[in-house]
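Q: I would like a close look at one part of this protein. Please keep the answer plain and connected.

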Amino acid sequence: MYTPSHFKEERPELLHQLVREHPLGMLITLGDQGLEANPIPFLLDVDASGQAVLRAHVARANPVWREARGDVDTLVVFQGPQAYISPNWYATKAENGKAVPTWNYITVQARGRLVVRDDVVWLRELVTRLTQRHEEATQAQPWALSDAPPDYIDAMLRAIVGIEIPLTSLQGKWKLSQNHPAVNREGVSKGLRALGGDRASAMAAAVEQAAPR
């Protein structure tokens with residue numbers, strides 16, 4: 001990923017936070033038919049040594065778990081806030097007219113070898129954790145696996161396969177107008193907030209929090 005120094009983010013805590021807040025990653029694998037891309041929600045686990053592992057499951061009918069090559073890294077791309085940036089928001093545009101549109105975004109790319117976990121005990125634990133995390137974050141009365149008939153859950157678990165990716169690389173790119181003077185960054189923030197909406201507001205907050213490099 002092309003990452004100029006002023007957009008590079010290397011702090012593990014911020015990279016991990018982005019993955020946890022935006023867990024739907026694009027899993028990109030290489031197989032005999034070429035590249036495949038599958039959107040999959042992941043869990044990120046980090047042990048005491050700092051080793052990070054992505055864990056997820058796919059449908060057994062999805063050939064990715066059989067066809068993905070295990071001798072090369074897979075790539076998982078996580079996308080955070082993103083927004084179009086108008087040159088009209090730059091104060092310096094009025095001074096010399098030298099301004100063009102761009103796009104701001106936050107993204108994390110994770111790499112590692114894909115490992116298949118066709119193990120019902122492993123899968124049950126993973127699905128339980130995934131369910132708890134997202135149900136408890138969004139529901140007043142969280143749904144649990146125990147709410148469904150046991151034989152139904154058993155059948156559903158047989159229909160999926162687990163995957164995990166011990167990460168060898170985690171790269172972040174925070175493109176948040178850090179290469180502009182403060183007056184332009186302020187203009188970008190105000191312009192985004194004037195648009196309204198969750199997406200623009202999230203990017204405005206990110207621009208405000210980003211320190212110039």
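How many residues of the lining of the largest cavity are nonpolar, how many polar and how many charged?

A: This is a predicted model. The lining of the largest cavity divides into two nonpolar, four polar and three charged residues. By name, the lining consists of Thr29, Gly31, Asp32, Gln33, Gly34, Glu36, Val64, Glu67 and Ala68. The volume of the largest cavity is about 40 Å³, and the structure holds one cavity of 30 Å³ or more.

The largest pocket can be described in the same terms. Its space amounts to about 420 Å³. Two or more lining residues come from each of α1 (12-21) and α7 (198-209). The pocket lining has 19 residues, and Leu14, Ile106, Trp174, Ala206 and Gln209 are those nearest the centre of the pocket. By class, 11 residues of the pocket lining are nonpolar, four are polar and four are charged.

Strand β4 (residues 43-46) pairs with strand β5 (residues 52-59) in the antiparallel sense, over four bridges. Within this pairing, leucine 44 stands opposite leucine 54 of β5. Five residues lie between the strands of the hairpin, and glycine 50 has a positive phi there, near 95 degrees.

How values were computed:
Residues are numbered from 1 along each chain as its sequence is written. This is a predicted model: local features need pLDDT of at least 70, side-chain atom pairs count only at pLDDT 80 or more; totals for chains, interfaces and linings use all residues. Side-chain values use heavy atoms; hydrogens and water are left out. Two strands pair if DSSP finds at least two bridges between them. On a 1 Å grid over the protein atoms alone, a cavity is a set of points where a 1.4 Å probe fits but cannot get out, and a pocket is an open set with protein on both sides within 12 Å along at least five of seven lines; lining residues have an atom within 4 Å of a point. Grid points are joined across faces, edges and corners, and a volume is the space filled by probe spheres set on the points. Ala, Val, Leu, Ile, Met, Phe, Trp, Tyr, Cys and Pro count as nonpolar, Asp, Glu, Lys and Arg as charged, and the others, Gly among them, as polar.
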